[in-house]
Amino acid sequence: MTLIHRAAWLLRDPSGLVDHVDHDTHFAEEAPRLLGLLALGALTFGAVVGGFRGGLQVPFAAVKLPLLFLVPMMLVLPALRGLWALSEVEVSYRRLVTAGLVGGARTALLAAAAGPVLWLLFGLIGYHLAVLCFVAVLGVTGLPGLLVVARAVPSGGRGRWVALAGSLTLMAVASMQTGWLLRPFLVRPQSDDIVLFRAIEDDVFHSLGTTAMSSVGVYRYDLVREEVYEQSDLRGTR
Amino acid sequence: MDAVMPIIEEPATMDAATPTGSSLPTVREVTHGLGGLLALGTAGALGAHGLTPHAMPGVLWTSAGALVLTGPALLVVHQFLGLQAAPDRVVGSMAWALAKAGQLAMGLVPFQVFFSVTTQRGPGLLALLLCGLGGTGLLAAMRGLVDAERDAGSTGTQLMHVRGLALAWAALTLLVGLRLGWEVMA
Amino acid sequence: MIAFVSAQVLTGGLGVVYLAGGVVVAGLLERAGRPRGAVLGAVVAWPLLLPLLQEAQVVGPAPGPLRGRIDQVLQALTDTLGDPAATEVAWTADLHGLRLALYTADARLALVDRLLEGEAQGAEDSVDALRAARADSQHAVETVLSEVHQLRLQVGLAALAGGGQALAERLRELSARASTLGEVGGL
């Protein structure tokens, strides 16, 4: 019941929950609950995403989605304090962590709520569109979470735009590389290659560069297998 | 929906006693800042490309070194121009910028370690972070210099002079820092 | 360059180090008497639960004559700063450190009280000096507590008119002063 109550609170009044949790005696009890809500929402969303292929990919994706939410937060939050201090805004690490947990849990629950819609879409669309929908859901549900963190920072200071831009950039870069490391989330239904993690080859920036080049018709030989799937999709043999 | 953040820069209020302009940082704060810069350099020296020990003090050398080399020049020109702020406020602005930038550098260590370990782009990312650190630190120092002048009751002309001086000094420090960084990477 | 290590090995090593850190932090939280949920969560997400280590139960030294008053004043300040309407005040300043410093000064008073109880006769000059120093120290602690109480009222003003930075600075100053109470009292 406590978890359900907390879930309702963080969906209706996340700023109020941040103020409640960011307190000497409340953080110790509330932080694990928020972690639990985050994990629950992300697990559910991950299971839906993994369901695009089904089989082992369901638990694999379910286990990795909470990490996709948590790892960038853990990488970036320590830097945010220093970034805001340079803009003359003093905010404690505990408050940032509280806001991060509330925001992350909020995003996870909203993403889980979008699960049924995504599941219905997966039955109608192809792989590439499914990937775009997955990213779009993360983007749309991530915004309310980011707003929680932004609102948790006290007002005042100068040059806040520097801290805000820096925070968003760090978060975006960390999330992209984390997603790359934890891939695959969505796997083609005809694929037999189901692994928990792919080998660490290159990085997300290299991948983005390759994709950008491919989009203008410049291909590399190690994308041959990718092209076979592309041809299969076009022939409707998916 | 309410605006999340006021994008328009809010003017500094006299009763908001920001530490950057009001006093010198403690030795502990400066030491922590220097430690943060060293830690970030160490994090950048690790990586899948191998361990490059000479790069470990690189961040500290580049940032603190640039301040040490250009700080005296700033003090001299500041006094030469007859500006009102006390020299300890000028030094305090630079010291606070170093301390705060070091605090940010310490916070960036997990981020740098993550990229150093999981990609081959550790040194490149370190260079980018160093540019960001330098930029934000210099912005804070410039703000401190102007605040110090304003608090000393300077005229409009003197405020204009100190803004120009702060900008020129920041540009010089950035160039010196780039030069020092180039020597480290070479 | 000293050595070349593959990204796989380094990432795996980083993972192992991370989990080891989680086990260590979980152990420390367990020893500090933190809730079981926090201990278990620390194994996976220990960087997010580090604030619990920093705020490890302030049991502090044995209570002295002013412990009750110290707790009352600091709790009132904590409650005021924790009020959602007081978000203008950045209260990251060291409440924990202030509490510990006041507890330490209070414990010194308790020590002196115990010493004075046993000194019924003899060495009157030393006893008088000790009583005087004790009175000075108690006065210094009470002055700090009075200023902390004033600060609480100023939080309300900051919530209405801004100036939170100045309050945070003031709290830091009080904390620094409290930590020197032992020297000020000459104990």
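Reader: Where in chain A does A:Pro184 lie?

Author: In this predicted model, A:Pro184 is in the loop that joins α8 (160-182) to α9 (204-215) of chain A.

Reader: What makes the peptide bond from A:Arg183 to A:Pro184 cis?

Author: The omega of that bond is near 10 degrees, and the bond is accordingly assigned as cis. Most peptide bonds are trans.

Reader: Why does A:Glu88 count as buried?

Author: A residue is called buried if 20 or more other C-beta atoms lie within 10 Å of its own. A:Glu88 has 25 C-beta neighbours inside 10 Å and therefore counts as buried.

Reader: What makes chain A as compact as a globular protein of its length?

Author: Chain A is built of 10 helices and 0 strands. Its radius of gyration is 20 Å, close to the 18 Å that the globule rule gives for 238 residues, so chain A is as compact as a globular protein of that length. The C-alpha trace of chain A spans about 60 × 40 × 25 Å along its principal axes. Of the 238 residues in chain A, 47% are buried. Among contacts in chain A with a separation of 6 or more, 78% are accounted for by residues 24 or more positions apart.

Reader: How confident is the predictor in chain A, and which elements have the lowest and the highest mean pLDDT?

Author: The mean pLDDT of chain A is 85, and 91% of its residues reach 70 or more. Among the elements of chain A, helix α10 (residues 224-235) has the lowest mean, 47, while α5(A) has the highest, 95. Over residues 227-238 of chain A the pLDDT stays under 50, and the model has 9 contacts beyond four places in sequence for this stretch.

Reader: How many residues of chain B are in contact with chain A?

Author: There are 29 residues of chain B in contact with 29 residues of chain A. On the side of chain B that touches chain A, the elements that give two or more residues are α4 (87-118) and α5 (122-151) of chain B. The most comes from α4(B), with 12 residues. By class, this side of chain B has 15 nonpolar, 9 polar and 5 charged residues.

Reader: Why is B:Leu130 called buried?

Author: The cut-off is 20 or more other C-beta atoms within 10 Å. B:Leu130 has 25 other C-beta atoms within 10 Å, and is therefore buried. B:Leu130 is placed in helix α5 of chain B. Leaving aside neighbours within four places in sequence, B:Leu130 is in contact with B:Val59, B:Thr62 and B:Gly181. From B:Leu130 to B:Val117 the separation is 13 residues in sequence and 18 Å in space, C-alpha to C-alpha.

Reader: Where in chain B is confidence lowest, and where is it highest?

Author: Confidence is lowest in helix α1 (residues 19-22) of chain B, at a mean of 46, and highest in α4(B), at 93. Over residues 1-21 of chain B the pLDDT is below 50, and this stretch has 39 contacts in the model beyond near neighbours in sequence. Chain B as a whole averages a pLDDT of 83, with 84% of the residues scoring at least 70.

Reader: How does the reach of helix α4 of chain C compare with what is expected at 1.5 Å a residue?

Author: Helix α4 (residues 67-81) of chain C has 15 residues and reaches 21 Å from its first C-alpha to its last, close to the 21 Å expected.

Reader: Which residues of α4(C) are buried, and why are they said to be on the same side?

Author: The buried residues of α4(C) are C:Ile70, C:Val73, C:Leu74, C:Leu77 and C:Leu81. They cover an arc of only 90 degrees around the axis, which puts them on the same side of α4(C). An α-helix has 3.6 residues a turn, so residues three or four places apart point the same way. On the other side of α4(C), C:Gly68 and C:Gln72 are exposed.

Reader: What does chain C consist of, and how much of chain C is buried?

Author: Chain C has 8 helices and 0 strands. Buried residues make up 29% of its 187 residues.

Definitions and conventions: Residues are numbered from 1 along each chain as its sequence is written. Chains are lettered from A and ligands numbered from 1 in the order in which they are written. This is a predicted model: local features need pLDDT of at least 70, side-chain atom pairs count only at pLDDT 80 or more; totals for chains, interfaces and linings use all residues. Helices (H or I, at least four residues) and strands (E, at least two) are DSSP runs, numbered from the N terminus. The expected span of a helix is 1.5 Å times one less than its number of residues. A residue is buried if 20 or more other C-beta atoms lie within 10 Å of its own, exposed if 12 or fewer, and partly exposed in between; C-beta atoms are placed from the backbone. The arc is that of the directions from the helix axis to the C-beta atoms. Two residues are in contact if their C-beta atoms, placed from the backbone, lie within 7 Å. Ala, Val, Leu, Ile, Met, Phe, Trp, Tyr, Cys and Pro count as nonpolar, Asp, Glu, Lys and Arg as charged, and the others, Gly among them, as polar. pLDDT is the predictor's confidence in each residue, from 0 to 100. The radius of gyration is taken over C-alpha atoms; the globule rule is 2.2 Å times the number of residues to the power 0.38.
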